[in-house]
Amino acid sequence: MSDKLHKNPVVVEHARAALETFRSHSKSLGYATILTTDGFEVASIAGDAQQTRRVASMASSMQALGDAVARDLKMGTCDYIIIAAPSGYVIQLRVPGYDLVIAAHFDSAETLGKALSVARLAANDMAQVSVAAAAA
Amino acid sequence: MLAFVKARYTVGLIGLDIVDRAKVNIILEKAFADGEASWLALYNDSCDLIITSGNLPVEAMDEQIVARIVDADCPDDGPFLLRRPLSHEAIVSLLRNAEAQLDSSAPAPEYGRLKVTGVTEVQPGEERAVEMAEAAPAAAPAPQMHPQFAALGPSYQQQIAAQQAPRPYPPTQAQRGVAASANAGSETVGESWADISIALYSILQTRVPTMARINLPHAESILIDFPGRRFQCAGFPDSIPLQPHQVVLRATLAQPGQGLPQGQPLERLLWFIGTRALGAGLAPWLCAEDRCRLVQWPNFTVLDHSIDHMRMTAAMGNGLLTAEELSLLSGVPFQKAAGILNAFSLMGLLHIERQPAPAPRVPAPVAGTGVGTRSSGSLFGKLIRKMGL
Amino acid sequence: MAEHVILFAGPMCAGKTTAIRSLSEIETISTEAANTDRETADKDTTTVALDYGEITIGDEDKVRLYGLPGQRRFDFMWRILMERAVGLVLLVNNDAADPLGQLAEFLEEFAELHERGGIVVGITRADIAEGPSLGDYAQTIAKSTSGAIIPVFTVDARDGNHMQTCLLSLIANIESRAALAYQQEQAA
Ligand SMILES: Nc1nc2c(ncn2[C@@H]2O[C@H](COP(=O)(O)OP(=O)(O)O)[C@@H](O)[C@H]2O)c(=O)[nH]1
Ligand SMILES: [Mg+2]
């Protein structure tokens, strides 16, 4: 199932659609990327190609470091990671049931709570991709 | 690069500077490959023809021919003179003259003509040395003596003399000089590891594809496949006596398909001989004044090594040192420093600068300042204590 | 307390994660993710951030062992960890498609560490694949580092003794270089 998700056209198409919906839910969304947990970009909105690829790699490292900390403290796996900076946030979270992560950058106009809830919606949306079709 | 052509005669390159040696080597190799000559180049003085430089004193046997490389303006003349710049034609013609003379004289009774094939490899860097010298003859680097047998320093002579002191046997060694034993197809009988080590060293240096067997009384024999760089010996190393009363090395030319199908890495045997079997001092081909530097680390994961070995190796990788300096710097007995140099030279891991050497590139080492010799401060020292080594 | 950061780098599958496990005194911290790139390396998981292990010496020194992700897309992690490092254990698997090319590439990438500290090269998986000889690797190293003498060994990353040999020779070489530089300074 985890084989080459980023090259599976069904998964890529579904990811694009999920990100478009995501954008329509939040005006302050800067850019967003769906990536595999080992750091390959599946689909992105906004951002230039080089940047989104780089963000995909970094987000996968972040996610794994988050997991490592959570595991060490016996907290289970890491659900999401928030990076807050003066001019915005980055939120990243797992897509339930898949070796996928969604990473999104919001400007500071958004409240953290709102940002988190739309990001979670997008992750759930992505999780609707058919397993059978994705495996094809 | 090894050509499988029968060589009729051997030519020894003695005391040439690196540029001349490289040129002669390249020309010989080409002539050999083209079938113009049937000569095998070795680095010892027991060959049919010796090529040497200037008027370096070379002691030759009656049946040996000595050729000299001289500058273009040298007034001397003769069939065995080579003038710089060395040319292909001149060398081929020299070989022809030498062949004619050797063919006309009957072979010496105590040894037959060598039946060996192959030519020496050009050492990496030699071609470059030639290019450099030719590109800028005026600014050519100061010629360096080749380390192996190049300048026969006084201590080398002494050691050779010691080796040739009367012994109940072996005739070949006594008569022909130790280096003769290096030739493929020969047998060397000695009373200690040091006695056969020159033969081993010479086989390794000339890279003639050789198979060898070492027989020791009351011990397993050792089979060596030099081209495959493997050896076989049951119970190695515990089964090998360090002070046998006899060691016999029998070397033959490797035939295609004759290599050992399996075995241990040869470096393990050479390491053993160098560090443990050669006794207390430097190997016969090394001089106390030689300054040595490592050209490649030994593969320590397959060698039985100590922390002192590692310490010395690190020092050798970073400086040009004599055995004495190495021992001082690393805080180990001279014997141990000599042992590692013996092993490294057998293993082909040393660059040696023989006297007259350029001014030392490192300041004289201060005793015991090497890695981990001072108890505090060094992470190396702390780690080995921590690891219980 | 002094810290000594040693990095483990090299291509995917070279044995970096395994090597740190062989050396570390603490349970290692690893950041493995499901591997979706089976073409490059046929293994279930791959390191995406770092591996971490430690050796503590008394109450003074800590040797920190960081394993880097092998893939170039994670080179930002290389940069981050390189800043603090004093030495590098560069592992290359003998069964890689182009192990000599990989070696040259990584040496170039980590040239700064060679300048500043030291590098040791370990050739792994030589037991399962007939690759280039140690001499070939040594030549590649000499070419890439303008003639520097860097220790190079065949190693099995699963073997603690082999990895100790790597680590010790790295540190011996670093300290030997430093000692020599110091002596030359004193002499000048
Ligand atoms: N046979 C063999 N397997 C090895 C050796 N070194 C590492 N491995 C195995 O190679 C695989 C890849 O190692 P890993 O540590 O994940 O590589 P990494 O990608 O560099 O972190 C693991 O299954 C190791 O057990 C070796 O020298 N020989
Ligand atoms: Mg790994």
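This is a predicted model: local features need pLDDT of at least 70, side-chain atom pairs count only at pLDDT 80 or more; totals for chains, interfaces and linings use all residues.
T17(C) sits in helix α1 (residues 16-23), while T47(C) belongs to strand β3 (residues 45-57), so the pair ties together parts that are 30 residues apart in sequence. T17(C) counts as buried because its relative accessibility is 15%, under the 20% limit. T47(C) is also buried, at 6%.

T17(C) also meets ligand 1. A polar side-chain atom of T17(C) lies 2.8 Å from an oxygen atom of this ligand. D156(C) likewise places a polar side-chain atom 3.2 Å from a ligand 1 oxygen. C13(C) uses a polar backbone atom instead, at 2.7 Å from an oxygen of ligand 1. The protein covers 82% of the 590 Å² of accessible area that ligand 1 has on its own. Around ligand 1 there are 16 residues, of which C13(C), K16(C), T18(C), K43(C) and R125(C) come nearest. The shell comprises seven nonpolar, three polar and six charged residues.

R84(C) lies in the loop between α2 (75-82) and β5 (85-93). Its relative accessible area is 41%, so R84(C) is partly exposed. Leaving aside residues up to four places away in sequence, R84(C) touches E3(C), V5(C), R64(C) and Y66(C). With E3(C), the side chain of R84(C) forms a polar contact of 3.2 Å. These two residues are 81 residues apart along the chain, yet their C-alpha atoms are separated by 9.3 Å.

Notes:
Residues are numbered from 1 along each chain as its sequence is written. Chains are lettered from A and ligands numbered from 1 in the order in which they are written. Side-chain values use heavy atoms; hydrogens and water are left out. Helices (H or I, at least four residues) and strands (E, at least two) are DSSP runs, numbered from the N terminus. Buried means under 20% relative accessible area, exposed over 50%, partly exposed in between (1.4 Å probe, protein chains only). Contact means heavy atoms within 4.5 Å. A polar contact is a pair of N or O atoms within 3.5 Å; within protein, one must be able to donate a hydrogen and the other to accept it, and residues adjacent in sequence count only if both atoms are side-chain atoms. A residue is near a molecule or strand if one of its heavy atoms lies within 4 Å of it. Accessible areas come from the Shrake-Rupley method with a 1.4 Å probe; for residues, only the protein chains shown count as cover. Ala, Val, Leu, Ile, Met, Phe, Trp, Tyr, Cys and Pro count as nonpolar, Asp, Glu, Lys and Arg as charged, and the others, Gly among them, as polar.
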